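Good morning, and thank you for coming.

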Amino acid sequence: MGRAFEYVILGGGVAAGYAALEFVRRNGGASSQELCIISDEHFAPYERPALSKGYLLPQDAPRLPAFHTCVGSKDELLTEEWYNEHGIVLVLGTRVISADVRQKTLLTSSGETISYKTLIVATGARAVKLEEFGVSGSDARNVCYLRNVEDADKLVGVMRSCPGGNAVVVGGGYIGMECAAALVTNNIKVTMVFPEKHCMGRLFTPKIAEFYESYYASRGVNFVKEAAVTSMQISAGKVTAVNLGNGRRLPADMVVVGVGARANTGLFDGQLVMENGGIKVNGRMQASDASVYAVGDVAAFPVKLFGGDVRRLEHVDCARRTARHAVAAMLEGTGSVGHIDYLPFFYSRVFSLSWQFYGDNAGEAVHFGDLAPPGDGDGAAPKFGAYWVRDGRVAGAFLEGGSRQEYEAVAAAVRRGAAVADVAELERRGLAFATQATGGGGKPTCAWHATVGVAAAVSIAAFACWYGWQAPYVLKRDF
């Protein structure tokens, strides 16, 4: 038995929802069951960033259907009913166990064969498990990862089971930092453990990291840096302590692991060209087989801003943008849709802090603003940042505590590759270097983009505080 579709989206994450909305809008309404979305989750696509933010709040935490795509960009809320109304077939709770690119077929775990004419691979990434570092215990009842709603529900349940207890957070990246903040908010004592010299080592400079580590410390978080977990003590199915390579033993009522992610490419190994851990695509998001497109975390695509270097970017903004571009390219068979012109964008919001980053953290870092650690009783909102200067131009920019106009300005400076004649002068001018170039902090004079966060079904404004949607909207599409 089997079914056949003109188009199939494999994966049910953020990218799938944005691809579906773009498909419907470009097709002028209902798709007459031309399009099928296959997902191993039991929900229609949703905005995953909510899971590490509002979902973990101790009170008034949002739940589905409030954060289905595409409310993360202040657009339509795509419930299962929306897909049905537009003739899109959702195949949920279904795992694809093999793919045959030449035959254009997908085999599900139930034994069904689903065929396609064009495939969009949106399989995302999976959490790296401790076992991949030789540490067992991921199946313990109080060890948590965070990639989907099921993970988030487990994390919430474990938090509620140990109020005032001790949590060990393994990893100092995005997931580690955001989950640590959520744990503190839930009155749990947190110790963060990671092997790097400072948190967010792939993005933050040591100076920037020092600020955030000091802020977290002021909220009671302990840091154990340049250390690795070697084993976990387990009793009655639960971790009771975490052992480190430096000999320390950390008591634990729960463990949260955020040690990275790997793109889900296994179905296509040996069938599609791979690069940088993902499926290599061109600027139209088209893979080495012309019938296949790849988007989101799984796609390695050329970034114009970086001279065409192929990058794989794991962030919700990239998932949204690449999904829309792939559908546009797929449906415009004439080739009128050009190559994606993407400005890499990352953001986070924890406690009362909110930062955004644009571009590439390559070159010389030039800091500005007050990066002094927060003092006791100091109620002033921090505002600081950094530019990365490469070959005399701004390649990247980071800003904490900016206004909408200020974020727009620094993004515009990166997009146009603002020229820097004197690094010392850049440091002196700081944020004004970007804002004055756009007419006193107004709208930027060049096209760029960023994305906002998720909103509730009742009111988008009601959820702004926990999703962190301070980034402005797309001013101009890339196609």
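First, the conventions. This is a predicted model, in which local features need pLDDT of at least 70 and side-chain atom pairs count only at pLDDT 80 or more, while totals for chains, interfaces and linings use all residues. Residues are numbered from 1 along each chain as its sequence is written, and side-chain values use heavy atoms, with hydrogens and water left out.

Now the chain as a whole. It holds 10 helices and 26 strands; helices (H or I, at least four residues) and strands (E, at least two) are DSSP runs, numbered from the N terminus. Of the 479 residues, 56% are buried. Here buried means under 20% relative accessible area, exposed means over 50%, and partly exposed lies in between, with a 1.4 Å probe and protein chains only. The exposed surface comes to about 19100 Å², and carbon and sulfur atoms supply 47% of it; accessible areas come from the Shrake-Rupley method with a 1.4 Å probe, and for residues only the protein chains shown count as cover. Taking contacts between residues at least 6 apart in sequence, 65% join residues at least 24 apart, where contact means heavy atoms within 4.5 Å.

Let us turn to the sheet. Five strands form an open sheet with parallel pairing, in the order β8-β15-β9-β10-β11; two strands pair if DSSP finds at least two bridges between them. At the edges stand β8 and β11 (222–225), each pairing on one side only. Helix α4 (residues 174–185) packs on this sheet, touching β9, β10 (189–194) and β15, and its direction makes about 170° with that of β10. Axes are lines fitted to C-alpha atoms, for helices over the stretch in contact, and angles run from 0 to 180 degrees between N-to-C directions.

How is strand β15 (residues 254–257) covered on its faces? Met254 and Val256 on one side, and Val255 and Val257 on the other, are all buried. Strand β8 (residues 143–144) is joined to β15 by 2 bridges, with Val143 partnering Val255. Strand β9 (residues 166–170) is joined to β15 by 4 bridges, and there Val168 stands opposite Val255.

Next, the helices. Helix α6 (residues 316–331) has 16 residues and reaches 23 Å from first C-alpha to last, close to the 22 Å expected at 1.5 Å a residue; the expected span is 1.5 Å times one less than the number of residues. Of the 16 residues in α6, 15 are buried. Helix α1 (residues 14–27) packs against α6 at an angle of about 35°, with the axes 8 Å apart. Residues of α1 including Tyr18 and Phe23 meet residues of α6, among them Arg320 and Val327.

The end C-alpha atoms of helix α5 (residues 206–218) are 18 Å apart, which agrees with the 18 Å that its 13 residues should span. Its buried residues include Phe211, Glu213 and Tyr216. After α5 comes Gly220, whose phi is positive, near 100°.

Pro195 and Ala227 are 32 residues apart along the chain, yet their C-alpha atoms are separated by 4.6 Å. Not counting residues up to four places away in sequence, Pro195 touches Glu226 and Ala227.
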